[in-house]
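Welcome! Please take a moment with the sequence and the model, and then we will walk through them together.

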Amino acid sequence: MDRECVSLLPRVCEVLRGSSSSLPDDTSLEKLLDWFTALTEAGGSVQETCPCLLEFISAVVLKTSSDPGVICFTLKLSGLIAATEHGFKALQGSVLDLAFNPQHWRDAGLWEDPCIRIGWIQGLRNMLQHSKAFTFFVKADFIVPLLQLQTDSSLFVASAANQALAHTLIFFQPGCNGKVKRTQTSIADEEPLSQDYSAVLGTISQFLKESLLPKENTRLHQSQQVLKLLALLLARARQPLRDKLLGTVADSLQELVAAGHSQLTLPLMDIILAAYSSSSTDDCVPDQRVTRLLSSMLNITKPSDLIGAAAAFLRGGRHHQDSVHTARAVRILLLPLHIVTGQTLLGTDTPGEEHHFSIAEQLKIKTSCISMICVCLTHTPPITLMPRDSLPCPPVSILTAVLSLLRIVSGDSSSLSSGCSEVFRNLVGSGKVQKCALEVLTGLSSSPGMKDKLTEVVTVLIQYLNNPDSDPTVIHKSYQAVLKWLSVCEDVSSLTEKLKQDLIDVVRKRACDMRWEVRDSTVEFLGKLTGVLKRGEEPCDALLGGCWSTPLLKEALQDPESYVRASAIAALAQTLASSWHQETAVTQGQTDVVTRLLEILSQDTEAFARRAVVQYFIAWFSSRSSHTSPSSSSSSSSSLRTDSVSSVLSLGSADLDWEVKVHTLELAELLMDEACSGHRGYRKGSETPPAVRHSYAVISDGTLGEGAESDAAGALSKLVEQGVVSALLSGLVDCDRPVGLKACQLLITLRETVCPRPPLGASPAPATVAKVSCELPGCGWGREIRKIPGMKRFDRIEEADAAHRTRSGEVGMEDSVSGSDSVCVGVCAVLRSLGLDEKLDILSQSSDHVHNSALSLLQDILTASAAHTQQDAEPGQEVIVDCY
């Protein structure tokens, strides 16, 4: 622990001990506790390192007038210290007896404060890590108040009490394989420990048995809390504890199921799933009491509860162990779809389905109908992936039912089964069912045997895209479904020409929709469609109809909504990717796109579109490096790209949005990769810059050979001409840390590649690389670079700055700068003068590295306390404790 922190801690304890009001930042005590917890977990002893804490705890426990937050902190800290036997011994006696005596806090009128109860519970849980603490817990009879708090009016208190009780029962259960921390002398105490544990288990079991069944409906909250506790215990218990718990509560659970409380359906299923889970870890078959309980749950009469129970069982993943109940749950979940669509999903004996009538009646109530249908729909994709013997019908029949449901919801009554007119009125036009069914349709594309249904699926989706009543979210999900189905079906030739034309027509229509969300989804769809339909080296699939989508995307570049413009740029990058790989002459259309993109980058007021432009060029250059051979670098397309890159780097590095600037540096990194790949020592990627050599390190060879130096000089000259070096230097002095960090990493990589430091005592080779120069402007980033201390040694910079100061004095303005203030300097000399390694250390630290510390926290508490004492003297003054 930091020595300065230890020296400040007694003053902080004194402040907290005398505090009768809370600190300005009520999380500061939790942060302080986190610090002590981290110290303990690292193997340190809090009471030995900070002996003032023992006196502090004793004083706060006795002085009940302290702020409740401080008392809560003290209780948690007491438990943390007492979690080791050494710490327990230091606090044992009056301190622990008083601190954890609920009556002490009741007498002081503080027990009603949830903060005190939370501190008491969590302090106990912190302490219960060894047998001596457990013995103390039992002898003090703390089990009684802990059980009472299980149903506390505060959900936070009740949840904490749940966790603490479960921890106690699980941590000290027999057969824990030495998990409990024992000293050598405590082995003789194992028998008393076992007796204590049996007494605690008996008390808890009796509590569970009596509290599970609500005496009246107003007590359902209590049953819910007890069920949560039981699920927690069963999920982590081993034999024989699990068997004892089940034996105690099995009858009460059966009574709860029979009582039919809807609010308890899911908590009861949590019990069942927890019992299944724990039994599977022991390689045992499910307990018969659990399977009987599950059978009862899958036979309850209320339809919504029945479907909820079946869904919970399948979500719990227990169908691998229990094929009988899995088949039952599947039939329950398919029954509403079977009734609504008339599809034969349950076999020929469907009229005899015992829940058919009750569910059919429930479907006539609108809210219940929509809820049940959505629950059933959500579970159809995983159902189709189950073993065939668990399914009452082929998976493709389920897809047919979902398509029928989509037609019904859109108003097509021909897909409705006979006698369901009331259900039809409930479903037609329901956006919730539409969205759910479309998501399910997307998921079903991966199920077996579905590819033959492509034409029928696309037909329904085109109907939804063409429907004037479809809201933007429905259209977006329809597009997603089309893309997914086209991606899983390798051959789209099964689609008729009419169907392809229908899809093209509806997309053209939606590209002009009045709602920007629909236009955005449409251009996004066009971009992704290219990737889905790409086959081999063909630039356009037949479905694209001769690249009809490109004109739509070019038009979308003029859209008044920035989201649409950004999506159109991203889509163009995807659709034009194939043309980038070809060595054909550049078209006027390609030139127009690049011109428009540069206009957006320089003029668009929204950052979304400007970010997309830089990412477009990143995709363009990435595609060239991965697909195009060097021989194609002279093509017209390459010339267009080369001519535009300097403008992109210049505009992007001067942008006001930090993400645009970072993307610009990513583009610069691609150009560095292209120029420097193959050079000795070059490493791709700015995240792992080369290790910096010490000035006096012995190296084998720090010079470049004549040929290598010539190549390096050529690469560096190219980077200067492209504007890469200017973009990196501009980023280095940027006010946004992510920009400065990435620029610094890239500059170090460049320095170590083309400007290696020669070995100590070696005479430098003819400095071809050293002759490569770049221009530093007299204003903006250039002036900031020139202010860096290491740059002061450049005579030309000194002369330019002196001339600038003279002219500024003549006109009386500091910012009066003429073009002649720019200077040319050697790139390698600049790279060695910027102090990049020290700058990298600073930029690599987070912006709050000074404040995110225990020392800062302690200082803040003291400062806040001092401000509080002066509050009357200086009204209006407020000190906010720093977050760390």
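How do the residues of the lining of the second largest pocket divide into nonpolar, polar and charged? Before we get there, a word on the model: it is predicted, so local features need pLDDT of at least 70 and side-chain atom pairs count only at pLDDT 80 or more, while totals for chains, interfaces and linings use all residues. Residues are numbered from 1 along each chain as its sequence is written, and side-chain values use heavy atoms, with hydrogens and water left out.

Now to the answer: the lining has five nonpolar, eight polar and six charged residues. Here Ala, Val, Leu, Ile, Met, Phe, Trp, Tyr, Cys and Pro count as nonpolar, Asp, Glu, Lys and Arg as charged, and the others, Gly among them, as polar. Helix H2 (28-41) gives the most to this lining, with six residues. Helices H5 (68-81), H9 (114-127) and H12 (155-171) each supply at least two. Helices are DSSP runs of H or I with at least four residues, strands are runs of E with at least two, and both are numbered from the N terminus.

Stepping back, the chain holds 44 helices and two strands. Of its 884 residues, 51% are buried, meaning under 20% relative accessible area with a 1.4 Å probe, protein chains only.

Thr753 counts as buried because its relative accessibility is 3%. Its side chain reaches the backbone oxygen of Thr749 at 2.7 Å.

Methods: Buried means under 20% relative accessible area, exposed over 50%, partly exposed in between (1.4 Å probe, protein chains only). A polar contact is a pair of N or O atoms within 3.5 Å; within protein, one must be able to donate a hydrogen and the other to accept it, and residues adjacent in sequence count only if both atoms are side-chain atoms.
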